[in-house]
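Have the viewer open as you read.

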There are 2 protein chains.
Amino acid sequence: MGKFHSKGLKSSFSLILLFIWLAIPLALSADEGMWPYNLVPKDYLAKKYNFKVTDEWLDHLRLSSVRFGGASASFVSPEGLVLTNHHVGRGAIQNLSTADRDLVKTGYYARTRQEELKCPGVELWVLQEIEEVTDRVLSAEKPEMSPQEAAAARQKVIAEIEKEATEKSGLRCSVVTLYSGGMYHLYKYKIYNDIRLVFAPEEDIAFFGGDPDNFTYPRYDLDISLFRIYENDQPLKTQHYLKWKTSPLREGDLVFCSGNPGSTGRLLTYDQLIFLRDVNYPFTLKNYKRRQALLREYCQKGPEYERIALNTLFGIENSIKAITGYHSGLLDKSLMAKKQQEEQQLRQAVAADPEMAKDYGSAWEEIARAQEEYASFFKPYYFLERGGAFNTVYFNLARNLVRLAMEKEKPNEQRLTQFREARIASVKRSLLTPAPIHDDFEIFKLTDSLKQLKEELPDLPETKWLLGSKSAEEVAKELITGTKLKDPEVRQQYLDGGLEAIYQSNDPMIKLALLVDPVSRGLRMRYEKNVEAVEVKNGTLIARAMFKLKGTSIPPDATGTLRLSFGVVKGYVENGKKIPFQTTYAGLFQKAKEKNNQPPWKLPERFLQRRAALNLNVPLNFVATIDSIGGNSGSPVVNRKGEFVGTLFDGNIQSLPTRFVYEETISRSVMVHADGIIEALLKIYDAKPLVDELLGRK
Amino acid sequence: MGKFHSKGLKSSFSLILLFIWLAIPLALSADEGMWPYNLVPKDYLAKKYNFKVTDEWLDHLRLSSVRFGGASASFVSPEGLVLTNHHVGRGAIQNLSTADRDLVKTGYYARTRQEELKCPGVELWVLQEIEEVTDRVLSAEKPEMSPQEAAAARQKVIAEIEKEATEKSGLRCSVVTLYSGGMYHLYKYKIYNDIRLVFAPEEDIAFFGGDPDNFTYPRYDLDISLFRIYENDQPLKTQHYLKWKTSPLREGDLVFCSGNPGSTGRLLTYDQLIFLRDVNYPFTLKNYKRRQALLREYCQKGPEYERIALNTLFGIENSIKAITGYHSGLLDKSLMAKKQQEEQQLRQAVAADPEMAKDYGSAWEEIARAQEEYASFFKPYYFLERGGAFNTVYFNLARNLVRLAMEKEKPNEQRLTQFREARIASVKRSLLTPAPIHDDFEIFKLTDSLKQLKEELPDLPETKWLLGSKSAEEVAKELITGTKLKDPEVRQQYLDGGLEAIYQSNDPMIKLALLVDPVSRGLRMRYEKNVEAVEVKNGTLIARAMFKLKGTSIPPDATGTLRLSFGVVKGYVENGKKIPFQTTYAGLFQKAKEKNNQPPWKLPERFLQRRAALNLNVPLNFVATIDSIGGNSGSPVVNRKGEFVGTLFDGNIQSLPTRFVYEETISRSVMVHADGIIEALLKIYDAKPLVDELLGRK
């Protein structure tokens with residue numbers, strides 16, 4: 001801890017300044033950090049917790065961790081059983097449902113292997129290896145390059161690295177950018193495609209308390225689902241899985257969380273935070289609230305409408321709550337003042353050393369200018385390049401078909417990142433998923449987003465062409481009733497036919513994707529050149545300055561890749577009231593009673609009927625000081641022995657501003673307790689075979 | 001003559017059939033042929049005319065020949081003076097004119113070098129060298145390739161050859177496909193850009209008789225103009241130029257014509273002729289007649305309108321008359337029966353030899369199928385890919401800017417032909433021409449072509465987007481008043497900005513080009529794959545079969561490249577009436593008198609005033625049996641000594657069907673007589689210095 005490289009320190013004057021600056025708690029303090037597996041702070045853990053992290057321990061936990069969509073999961077048996085949250089598996093479960101058989105509502109338990117249900121389009125990834133490639137990536141840059149030339153040069157070498165590694169290993173290889181460009185690591189994933197549903201509880205207990213209780217604590221959710229990975233039509237045999245904990249969990253216990261936190265912004269500059277606060281978040285919230293109202297309206301049309309729309313609605317509501325929480329952090333003047341002060345001190349330390357001043361001094365101002373530029377086209381960028389104006393899965397399919405065909409014509413390293421050789425297999429699989437599409441719902445969503453396009457960008461030629469003579473509803477209907485992309489075989493034909501098939505297509509959705517492609521690419525180029533490249537170039541400079549001043553004891557921001565974080569099981573005090581570290585089934589029934597068993601606090605029938613069978617003292621949820629963020633949902637939480645003690649499914653409301661500043665007094669991650677899972681499986685769901693598998697009882 | 005390769009003849013049976021077939025006059029007979037300079041039939045000329053063609057004679061004529069746009073011209077003095085037709089130079093002359101100074105109407109004579117007027121956007125080419133590259137091109141094909149794979153492979157090697165040669169020589173190098181793919185030659189051109197107007201007569205004498213007399217004979221046109229090539233702001237010094245003939249021209253004289261005939265269809269299969277007869281020509285004629293009516297309407301709005309539109313109108317009227325003539329050939333049942341019979345005999349000769357039958361037997365059927373396919377999308381291909389729906393120079397500029405930016409991103413050999421490295425300089429120059437654009441005229445033309453798009457392809461999504469909510473006139477106005485492409489500097493900015501500038505453009509014309517690009521490219525791909533590649537593949541097979549049976553004594557079809565043709569000065573008999581080989585100034589005044597000196601037979605004032613000064617017996621126009629077609633306009637015609645005797649400017653109406661079958665009894669090329677030029681320059685235009693230069697009198 002606290003090591004720093006003396007290289008580059010030129011004068012005693014700057015040394016003095018440095019010591020002053022080091023007094024500011026920017027370096028790793030307390031249990032902060034979502035750590036890449038190859039940067040885990042072993043010394044800190046040894047010193048503070050007397051815990052020796054071995055490579056074997058790390059490798060086992062890493063290979064037992066699973067990436068599930070944008071979130072997390074873990075192996076929990078030697079037979080390929082994978083545990084995640086219900087809300088992570090929800091999309092897959094819904095795709096197995098119909099109006100007559102709503103597995104989201106009723107839950108599902110496959111009593112035999114034959115009953116395990118294959119999930120279309122689901123793909124699970126396991127991280128096999130991490131390789132340091134920073135020097136190779138940065139060697140592509142030349143001092144005389146502009147930011148975007150340097151970005152192109154890096155992209156070229158990154159594409160080469162990924163392609164070489166993919167060809168050599170057969171794994172999905174991708175380079176991860178850490179510290180805004182300060183480090184580059186190559187991640188190699190094994191990918192599994194045959195994923196089957198084993199168990200899901202009723203949504204009423206998985207998401208007990210619904211949106212009102214989301215991001216709150218105390219909590220009482222059985223937010224789990226179980227899937228099994230198959231290979232060659234047989235359950236996957238794996239030696240790396242997490243053994244279930246047998247001893248009870250106590251306050252103060254050290255626990256670890258292994259998952260894929262999506263993104264944090266702790267290393268963002270002050271101006272980047274201002275951009276989020278004043279431009280990005282207000283727009284995004286306004287937009288999500290409009291979608292929330294729309295989806296609620298759709299759900300109210302009837303139960304089948306609700307069944308179809310609910311997953312999307314929950315996603316939106318979750319985002320609204322999360323972003324509102326992040327935003328509240330940025331609106332907190334003391335938090336912002338702290339950020340500003342920290343940055344000022346860092347900049348002063350840099351300015352005090354002539355060489356550092358020359359190399360890094362202008363980085364903050366350049367990032368500030370990039371924010372102004374971004375603000376000037378944020379709206380069209382969102383509606384066009386990010387597809388906000390075309391809120392239907394059909395547009396995503398069409399655009400990916402169009403762009404895949406276009407990008408495949410280019411040399412690998414010149415392609416848009418998503419369509420590089422190393423990643424193309426995943427894009428193709430996503431294009432061929434037979435997951436159901438509900439046209440009425442798609443028309444409904446698309447109608448409103450086209451209306452928004454007309455309201456927000458009325459003067460755009462593309463808006464006029466598309467909506468000049470027809471209402472948004474007419475256009476949405478024509479597009480969705482006209483497209484043939486529902487059929488995966490049609491999509492396969494486009495994949496086979498390449499650019500020729502795309503250019504000769506009469507499919508209205510393909511035509512739409514072609515119509516908006518040039519303007520979208522223009523905006524993307526603008527973003528990549530004037531924003532992203534500038535942020536990366538100058539972020540890298542700031543990171544180097546920090547490395548020189550403080551070493552790599554500062555954790556990198558989350559990047560949606562596998563990280564290890566840790567903390568202790570611990571309650572907290574909220575408004576003077578002590579919140580205990582765990583809840584029990586007794587608390588669940590108590591809460592349902594308080595809420596008159598009305599949605600979203602309505603218990604499933606089975607819970608009401610089998611209440612007597614339950615041991616009400618068994619813990620259901622618990623909290624710990626684990627550093628986490630969205631994407632960590634479904635992460636396994638383990639004890640010192642690496643045993644499974646629970647699965648992370650939420651953070652309390654106080655944890656949201658930790659996107660920008662770590663905090664451990666009142667910020668908590670929320671887990672489903674391992675014991676609560678076993679109790680429910682045995683007493684409520686009669687799932688003894690599953691429990692035997694989890695507990696390793698043959 | 002008559003040589004054939006015995007290779008491949010397997011049986012005496014096929015030999016017998018061959019001899020029967022050879023009796024059919026498919027081989028070179030009489031003076032047929034527009035010959036590439038490296039395939040000139042020297043033996044035939046020696047035998048029939050006792051004329052020995054030397055390489056020196058050929059090289060001098062070739063290097064004295066000039067390509068002027070899509071037509072022809074020649075050097076006529078050692079000081080870079082270039083003579084062509086008035087109607088070839090007309091566009092350049094019009095671009096130098098304004099409402100106040102209409103050089104087309106008044107004519108122009110630069111009495112000093114200082115008065116020579118620089119012509120924006122004019123580019124003259126001189127063919128420096130021809131290289132045989134057939135083996136290299138054909139070696140790219142592999143037997144297992146589909147027609148379009150073979151086409152792509154050939155295109156790749158052609159692009160390489162052109163790029164290599166361009167880099168090595170600094171010339172503009174392009175590979176010419178002869179005999180539908182039977183031969184490939186590399187042509188290397190020197191390009192001149194600083195071209196200045198020296199002399200033009202009044203249009204009334206240049207185009208005396210106008211559209212009614214176009215493609216007729218006897219004729220009385222002073223259809224010439226003179227330009228000078230400059231290099232480094234000095235007149236070009238050239239040793240290769242044509243000396244002016246001094247002895248009179250007599251009936252029976254052997255004459256040669258060196259120019260760039262555009263295209264003939266003598267080697268087309270019967271089904272290709274049917275396609276032209278039943279699909280292409282009827283559509284094209286209907287379309288041109290619509291444009292003719294439109295342009296006439298525009299001209300009637302007033303003199304300034306007429307000045308602006310007349311060049312375009314004349315071009316259209318010329319095309320209508322030419323195509324009507326070609327079409328009349330195809331509508332001639334005896335011509336078509338002859339074509340069919342010739343083809344049947346060739347096919348029978350091929351069928352009779354098992355090896356030839358296997359290699360070449362299916363070629364005709366495959367070409368027939370390609371015609372059916374082409375007919376199925378001929379209309380959208382014309383309106384979109386060929387730009388028929390967007391009849392404005394602005395669209396051409398916008399599309400070339402868009403496509404240049406797109407194609408430059410691709411490896412050279414994958415680009416559309418026009419945008420390969422060897423050709424890109426010409427595209428750029430054409431994009432930067434300051435030639436005037438008249439917005440009112442552009443709106444007028446674009447309005448009608450957009451109307452046509454709506455009438456002909458109403459269901460196309462692009463039509464609906466563009467014209468769904470607005471009238472064609474409104475859209476045309478918005479596009480033309482909105483675009484900034486009139487300014488060559490703006491075009492330069494797009495050239496510099498590349499794809500990024502294109503995608504980020506708000507220019508409505510760029511937007512339009514982007515809008516219709518995907519569908520246009522789709523149609524082009526369909527054409528290239530299903531029509532062109534099939535025609536070339538099977539045309540090559542037919543050419544090989546013909547080479548085997550008859551050697552290369554058959555002239556290749558015209559391809560817009562430099563060719564040598566020959567014939568004799570000769571009158572003819574039309575409807576029993578003898579037409580003398582030449583006309584005189586006396587005939588000119590006689591004709592004007594018959595027509596009461598009314599347009600288009602109105603003589604310029606100067607001719608009326610100076611009639612007495614003229615020697616009325618001096619010949620003005622003459623005819624010869626020279627094989628020619630559109631593109632030959634402006635070709636120098638020379639005698640055995642290589643002396644300039646006249647410039648080709650037309651063919652008689654009977655010459656038009658020779659596009660498909662050569663004929664020399666009544667088909668004639670029409671020339672301006674060398675003597676008539678001198679007489680007018682001296683007596684009418686007081687251009688003694690110019691005459692001195694032409695006649696080599698210091």
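## A walk through the two chains

A:Val638 stands opposite A:Phe644 in β20(A). This is a predicted model, in which local features need pLDDT of at least 70, side-chain atom pairs count only at pLDDT 80 or more, and totals for chains, interfaces and linings use all residues. Residues are numbered from 1 along each chain as its sequence is written, while chains are lettered from A and ligands numbered from 1 in the order in which they are written.

The residue pair we began with belongs to strands β19 (residues 636-638) and β20 (residues 644-651) of chain A, which are joined by three bridges in the antiparallel sense. Strands here are DSSP runs of E with at least two residues, helices are runs of H or I with at least four residues, and both are numbered from the N terminus. Two strands pair if DSSP finds at least two bridges between them. Now widen the view: in chain A, β19 and β20 sit within an open, antiparallel sheet of eight strands, ordered β1-β14-β13-β19-β20-β21-β18-β17. At the edges stand β1 (35-36) and β17 (582-584) of chain A; each has a single partner strand, so one side of each is left without a neighbour in the sheet.

Next, find strand β10 (residues 194-200) of chain A, where six of the seven residues are buried. Buried means that 20 or more other C-beta atoms, placed from the backbone, lie within 10 Å of the residue's own; 12 or fewer makes a residue exposed, and anything in between partly exposed. With β11 (residues 225-231) the count is five bridges, and A:Phe199 stands opposite A:Leu226.

How many helices and strands does chain A have? There are 25 helices and 21 strands. The radius of gyration of chain A, taken over C-alpha atoms, is 25 Å, close to the 26 Å that the globule rule (2.2 Å times the number of residues to the power 0.38) gives for 698 residues, so chain A is as compact as a globular protein of that length. Buried residues make up 49% of chain A.

Where do the two chains meet? The contact takes 18 residues from chain A and 18 residues from chain B, with two residues in contact if their C-beta atoms, placed from the backbone, lie within 7 Å. On the side of chain A that touches chain B, α18 (461-467), α20 (488-503) and α21 (508-550) each supply at least two residues, and α21(A) gives the most, with ten residues. 100% of the interface residues of chain A are also interface residues in chain B, so the copies meet through the same surface.

Finally, consider the symmetry. A rotation of 180° with 0.0 Å of shift along its axis superposes chain A on chain B, with an RMSD of 0.1 Å; the superposition is by least squares on the C-alpha atoms of residues with pLDDT of at least 70 in both. The two copies are thus related as by a two-fold rotation axis.
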